[in-house]
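Here is a short tour to read alongside the viewer. Keep the sequence open and click along as you go.

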Amino acid sequence: MNHQLYILIYAIFLGYSASTGNNIFIISVIALGILILAFVPVYKKYRKNKIKSHIESENEGSVLNVNRAYWWEIEELPGFNRVSAKKAVWIRKHNGKYLSKKDFCEKNGINNPKGIIKYISL
């Protein structure tokens, strides 16, 4: 879910709690907001580190299956950003699974496949 939607939902709860006049409810909603603000960056960092460790554990033979990966996992591959990772998932969704590593590189415009082939599998 998009973080702007979370903020909107929180603002609605905060507005509703203020309109009730119940101080316990208002304090609970504010405390929940503070907890969420504290937790979200920690979770994002944890998720990003977990994905990086999965990709960087090349020595153990661990690679990313691009036919099953989410866009935020593909984003961690060398040469990918958020837009190109979402595009790779979109291509897979609309054209079917990637047939080979070369097919993945061609469809995603990777000019130097040697730099990425060791990180991906099918």
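## Around Trp 71

The charged end of Lys 86 sits over the ring of Trp 71, at 4.6 Å from the ring centre. Here, "over a ring" asks for NZ of Lys or CZ of Arg within 6 Å of the ring centre and within 35 degrees of the ring normal. Before going further, note that this is a predicted model: local features need pLDDT of at least 70, side-chain atom pairs count only at pLDDT 80 or more, and totals for chains, interfaces and linings use all residues. Residues are numbered from 1 along each chain as its sequence is written, and side-chain values use heavy atoms, leaving out hydrogens and water.

Trp 71 also belongs to a cluster, joined through ring pairs with Tyr 70 and Trp 72. Rings of Phe, Tyr and Trp (its six-membered ring) pair if their centres lie within 6.5 Å; planes under 30 degrees apart are stacked, over 60 edge-to-face, and the rest tilted. By this rule there are four aromatic pairs. Two of them are set out here:

| Pair | Geometry | Centre to centre | Between the planes |
|---|---|---|---|
| Tyr 70 and Trp 72 | stacked | 4.8 Å | 5° |
| Tyr 98 and Phe 104 | edge-to-face | 4.9 Å | 90° |

How much cover do these rings have? Tyr 98 and Phe 104 are both buried, while Trp 72 is partly exposed with a relative accessible area of 26%. Buried means under 20% relative accessible area, exposed over 50%, and partly exposed in between (1.4 Å probe, protein chains only).

Next, look at Ala 85 in helix α4, which covers residues 82–95. Its relative accessible area is 0%, so Ala 85 is buried. Leaving aside residues up to four places away in sequence, Ala 85 touches Trp 71, Ile 74, Glu 75 and Phe 80, where a contact is heavy atoms within 4.5 Å. Ile 74 is eleven residues from Ala 85 in sequence, and their C-alpha atoms are 5.4 Å apart.

## The salt bridge

Side chains of opposite charge can pair when their charged atoms come close. How many salt bridges does the structure hold? There is one, and it joins Asp 103 to Lys 107, with 3.5 Å between the closest N and O atoms. The term covers a side-chain nitrogen of Lys or Arg within 4 Å of a carboxyl oxygen of Asp or Glu. Both partners lie in helix α5 (residues 101–107), four residues apart, or about one turn of the helix. Asp 103 counts as buried at 13% relative accessibility, whereas Lys 107, at 30%, is partly exposed.

## The surface and the whole chain

Leu 5, Leu 8, Ile 9, Ile 12 and Phe 13 make up a nonpolar surface patch with about 460 Å² of accessible area together. Patch members have over 30% relative accessible area and no salt bridge; nonpolar side chains (Val, Leu, Ile, Met, Phe, Trp, Tyr) are joined within 5 Å, like charges within 9 Å. Ile 9 lies in helix α1 (residues 3–20) and is partly exposed at 35%.

Zooming out, the protein has five helices and two strands, in the order α-α-β-α-α-α-β. Helices (H or I, at least four residues) and strands (E, at least two) are DSSP runs, numbered from the N terminus. Of the 122 residues, 24% count as buried. The protein exposes about 8900 Å², with carbon and sulfur atoms supplying 61% of it; these areas come from the Shrake-Rupley method with a 1.4 Å probe.
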